[in-house]
Amino acid sequence: MTKKTIFLYTVVLSLGVAHIGNAQQETDDATEQPAVVDEQPGDIEGNPPDPQEDVAEETPGDIEDKPSEPEDESPENESDDTPDTEGEENSSVQEGAGMDEGASVEEDDSFEEDDEFEQEFEENEDDDGAWRPNISGFVKLDKRFLTSDSEVPMVDFYSKARLELKTWPTDNLLVVVSGEVRFYSLSGVSSSSDLSDPNKQMPFDAFPWEIYFKAHDLFAPGIDFSFGKQRITWGAADKLNPTDNLNPDDFTDIFDWGAKIPSTAAVLSYTFPNDWSLAAIWLPSVRPVLLPRAGGLDLGGGQDLTPLLGGAQVVEQEDHIDTGPFDLKHSMQAVKFSGSVLDIDFSLSYLHGYDDLPVPTELTITPVDATSVSLSTTSSFMEQHVIGADFAGELFSVGYWAEVGVFIPEGATMQITAPGPTGDPVTQEQVAVEDEVYVKYTAGLDYTFSCGFYVNVQYMHGFFVERSRDELNDYLLARLEWKFLEDKFKLALGGGGMISDWDNVKEAHGYVVMPEFSYRPFDNLELAVGAFLLDGEGDGLFSALDDQDQVYVKAVASF
């Protein structure tokens with residue numbers, strides 16, 4: 001398995017949850033009534049450090065819901081639905097603890113579902129009735145060290161900051177603008193000329209995050225419309241959402257399992273009088289996955305090229321990604337129906353779109369001389385249909401959820417052109433992705449004890465980049481945490497196991513352990529230390545990462 005293939009395995013561990021709830025608002029003269037919002041299952045915080053679940057933040061809103069409420073004073077609450085165990089005894093944490101260890105303010109990227117659209121408007125009014133713009137954000141400083149190397153080198157990872165502005169020009173129109181800056185731990189200086197280049201000395205990335213508007217009660221009570229670059233969260237499970245496929249994955253942090261990138265979309269939704277809702281989504285084009293600056297795709301599509309190379313050395317390598325035409329035919333469409341029966345929230349969904357990971361469809365091997373060759377690869381995005389369903393609820397104070405996605409891929413083939421026995425080019429075709437239907441599913445439980453101890457367990461069949469029946473593996477992930485001394489301190493232990501072949505478990509298994517200790521001197525500041533420890537046998541996810549054991553220190557401040 002190549003290092004690039006290992007990376008692809010890594011990035012799939014996307015543990016993220018944001019169950020889209022149903023918000024109803026009825027207009028009575030000029031006054032809006034509170035919207036009804038679905039409760040969400042708890043996060044299994046087994047995900048690596050990400051402040052979103054530990055420090056309260058204002059994050060951009062779930063497009064099917066009203067704009068987010070003001071920050072909860074508990075730093076556990078954030079857009080990724082982190083657990084707020086304060087004041088809750090013997091109850092499940094429906095706001096989630098998340099598989100993210102230390103997640104807090106930042107990563108859910110989707111608007112928190114608001115209990116009341118009008119409430120936030122009123123709370124931000126000044127004495128003259130004008131609405132005060134809401135400015136929020138976070139700063140996350142994250143340093144990581146590779147312990148699998150005896151010298152414990154610093155990992156070239158990034159810290160980041162996000163700033164968001166929300167404003168209501170009128171009481172029925174929300175405008176959101178946010179941006180993010182990521183600055184890296186290591187400089188890019190490699191020569192004396194770089195000493196005068198600040199971009200080399202202090203490398204960073206800056207880009208817009210969410211920029212969109214949302215009109216409430218647009219044509220009639222209950223009709224909402226949003227348009228722009230926005231995060232659309234689907235699914236009831238905890239960060240392991242087989243139906244959350246509208247926004248592309250953000251794989252720039254191999255341990256941030258659950259990050260997504262907002263993308264341009266139009267959403268038209270209607271909330272019925274019984275609080276059920278129907279939403280239609282249109283995305284004008286496919287948006288590719290975002291990879292780390294040091295990573296890339298396996299140009300060979302993961303296959304062994306040794307027989308084709310015939311002992312020749314690869315001296316040149318290039319790749320091309322075919323994004324396809326930008327037209328209506330190649331746009332993405334989706335629809336979702338949500339409701340609640342007997343206090344059980346549910347949804348049914350359908351998506352026609354494209355996988356955000358490109359699939360190699362052409363590979364050309366060209367001789368350079370008698371002992372060397374060049375490789376050229378063309379990749380494209382595979383069309384697929386996804387039928388989804390999920391539900392979440394609570395029974396005897398135990399939170400539960402389940403989610404299933406039925407994937408109907410169009411399939412993809414790869415044409416390989418290489419020198420034949422006579423030296424002339426010979427083209428052969430092989431299947432890159434099967435066109436067989438396959439099913440991914442997730443189920444989980446969570447519970448908060450009166451002593452403040454929280455437990456979250458989740459089972460998943462098939463991660464996101466596993467794209468055929470034969471690739472689907474089984475994962476069991478859990479999160480345990482205990483808060484003490486007025487919740488200022490927290491001990492957490494996340495982790496899980498994976499089995500890729502039940503007939504040969506001894507040679508096809510892996511595990512990850514993620515301990516963390518955090519301290520909150522006050523609500524909007526978290527200080528934490530932790531580690532990622534992985535091992536296993538075979539070609540599974542965790543065994544492929546057994547050389548990536550890391551320790552980290554982290555600080556997250558939100559405002």
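A salt bridge is a side-chain nitrogen of Lys or Arg within 4 Å of a carboxyl oxygen of Asp or Glu. With that in hand, here's a network to look for: Lys-140, Asp-142, Arg-144 and Asp-253 are linked by salt bridges.

Before going on, keep in mind that this is a predicted model, where local features need pLDDT of at least 70, side-chain atom pairs count only at pLDDT 80 or more, and totals for chains, interfaces and linings use all residues. Residues are numbered from 1 along each chain as its sequence is written, and side-chain values use heavy atoms, with hydrogens and water left out.

**The whole chain**

The protein chain has 5 helices and 27 strands; these are DSSP runs numbered from the N terminus, helices being H or I with at least four residues and strands E with at least two. Of its 559 residues, 54% count as buried. Buried means under 20% relative accessible area, exposed means over 50%, and partly exposed is in between (1.4 Å probe, protein chains only). Now for contacts, meaning heavy atoms within 4.5 Å: among those with a separation of 6 or more, 68% are between residues 24 or more positions apart. The chain exposes about 22,900 Å², and carbon and sulfur atoms supply 57% of that. Accessible areas come from the Shrake-Rupley method with a 1.4 Å probe, and for residues only the protein chains shown count as cover.

**Charged pairs**

Side chains of opposite charge can pair when their charged atoms come close. The salt bridge count here comes to 13, including these:

| Salt bridge | N to O distance |
|---|---|
| Glu-180 and Arg-162 | 2.5 Å |
| Asp-249 and Lys-260 | 3.0 Å |
| Glu-481 and Arg-479 | 3.5 Å |

Glu-180 in strand 7 and Arg-162 in strand 6 are 18 residues apart, and both are buried. Asp-249 is buried at 5% relative accessible area, and Lys-260 is buried at 5% as well.

What about a buried charge with no salt bridge? Asp-390 is one of these: the nearest side chain of opposite charge, Lys-336, is 4.8 Å away. (Lys and Arg count as positive, Asp and Glu as negative; His and the chain ends are not counted.) Asp-390 sits in strand 17, residues 383-395, and its side chain makes a polar contact with the side chain of Ser-347 at 2.6 Å. A polar contact is a pair of N or O atoms within 3.5 Å; within protein, one must be able to donate a hydrogen and the other to accept it, and residues adjacent in sequence count only if both atoms are side-chain atoms.

Most residues other than glycine have a negative phi. Lys-239 has a positive phi of about 65 degrees, though it is not a glycine. Leu-342 isn't a glycine either, and its phi is positive at about 55 degrees. Lys-239 lies in the loop between strand 9 (223-230) and strand 10 (263-271), and Leu-342 in the loop between strand 13 (332-341) and strand 14 (344-354).
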